[in-house]
Amino acid sequence: MDSIELLLNRQSNPFLTAPAPTGEVLENILKAGMRAPDHGGLLPWQFTIAQDAGLEKLSAIFSTAMTKLTDDPAKIEKAKNMPFRAPMIIIISTRYQAHEKVPEQEQLVAAGCAVHGMQMAAFAQGYGAMWRTGDFSYNNEVKAALNIEVTEDIVGYLYVGSIKKTLPTKPLKDYRDFTRYL
């Protein structure tokens, strides 16, 4: 698959199973994240990998957080099961750096580019990935349990694994509806 084919055909896939990427494949995914555009070279991100026992810990973190939000057993159970939708989750969070020319907004976008690069690298190497956010991205108790400062942002949870179900390729959206020239 060449680069343009990758860019034009990549899509999220929530149907993931073991095995998760390991070794050089995982290193390539993380290296791709490190190649994100980064004004000022600040590296304003951090990657936290959860797999095996880490998924169990993340499950406990999510269910504890949900218990503090509701007493609905179905919602608590759903939160508890969320981490097991893939054999690996890479949690991407910011590490904002004070800089007079690079506001936090640009650093947040750079961290988002890191997630995208990692998702593309997973896809390029034959793995599936799904970038998720949701309420637990903005929950200060979840951040604290993950050793992420409340002043930082969780940019997303990148669920990664082997593709369990191949999805039909989505049609390419027409760029002309979103493009204008000055």
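Predicted model: local features only at pLDDT ≥ 70, side-chain atom pairs only at ≥ 80, totals over all residues.
Pro19 sits in the loop between strand S1 (16-17) and helix H2 (23-34); helices here are DSSP runs of H or I with at least four residues, strands are E runs of at least two, and both are numbered from the N terminus.

Residues are numbered from 1 along each chain as its sequence is written, and side-chain values use heavy atoms, with hydrogens and water left out.

## Positive phi

Asp52 has phi near 50 degrees, a positive value in a residue other than glycine. Its place is the loop between strand S2 (45-51) and helix H3 (53-69). Asp52 counts as exposed because its relative accessibility is 60% (buried is under 20% relative accessible area, exposed over 50%, partly exposed in between, with a 1.4 Å probe and protein chains only).

Asn147 is another non-glycine residue with positive phi, near 60 degrees. You'll find Asn147 in the loop between helix H6 (140-145) and S5, and it is exposed, with a relative accessible area of 69%.

The largest pocket holds about 250 Å³ of space. Of its 13 lining residues, Leu8, Arg10, Gln11, Leu172 and Lys173 are the closest to the centre. Helix H1 (3-9) and helix H5 (104-124) each give at least two residues to that lining, and H1 has the largest share with three. By type, the lining splits into five nonpolar, five polar and three charged. Ala, Val, Leu, Ile, Met, Phe, Trp, Tyr, Cys and Pro count as nonpolar, Asp, Glu, Lys and Arg as charged, and the others, Gly among them, as polar.

As for the method, a pocket is an open set of points on a 1 Å grid over the protein atoms alone, where a 1.4 Å probe fits, with protein on both sides within 12 Å along at least five of seven lines; lining residues have an atom within 4 Å of a point. Points are joined across faces, edges and corners, and the volume is the space filled by probe spheres set on them.

The second largest pocket comes to about 180 Å³. Its lining includes Asn9, Gln11, Phe123, Ile163 and Thr169, and divides into four nonpolar, seven polar and no charged residues.

## Salt bridges

Searching the whole structure turns up two salt bridges (a side-chain nitrogen of Lys or Arg within 4 Å of a carboxyl oxygen of Asp or Glu). One joins the side chains of Lys68 and Glu141 at 3.0 Å, N to O. That pair links distant parts of the chain, with Lys68 in helix H3 and Glu141 in helix H6, 73 residues apart. Lys68 is exposed at 56% relative accessibility, while Glu141 is partly exposed at 41%.

Arg176 also pairs with Asp174, the closest N and O atoms being 2.9 Å apart. Here Arg176 is exposed at 57% and Asp174 partly exposed at 31%.

## A buried leucine

Leu42 lies in the loop between H2 and S2 and is buried, with 16% relative accessible area. Leu42 and Ile4 are 38 residues apart in sequence and 28 Å apart in space, C-alpha to C-alpha.
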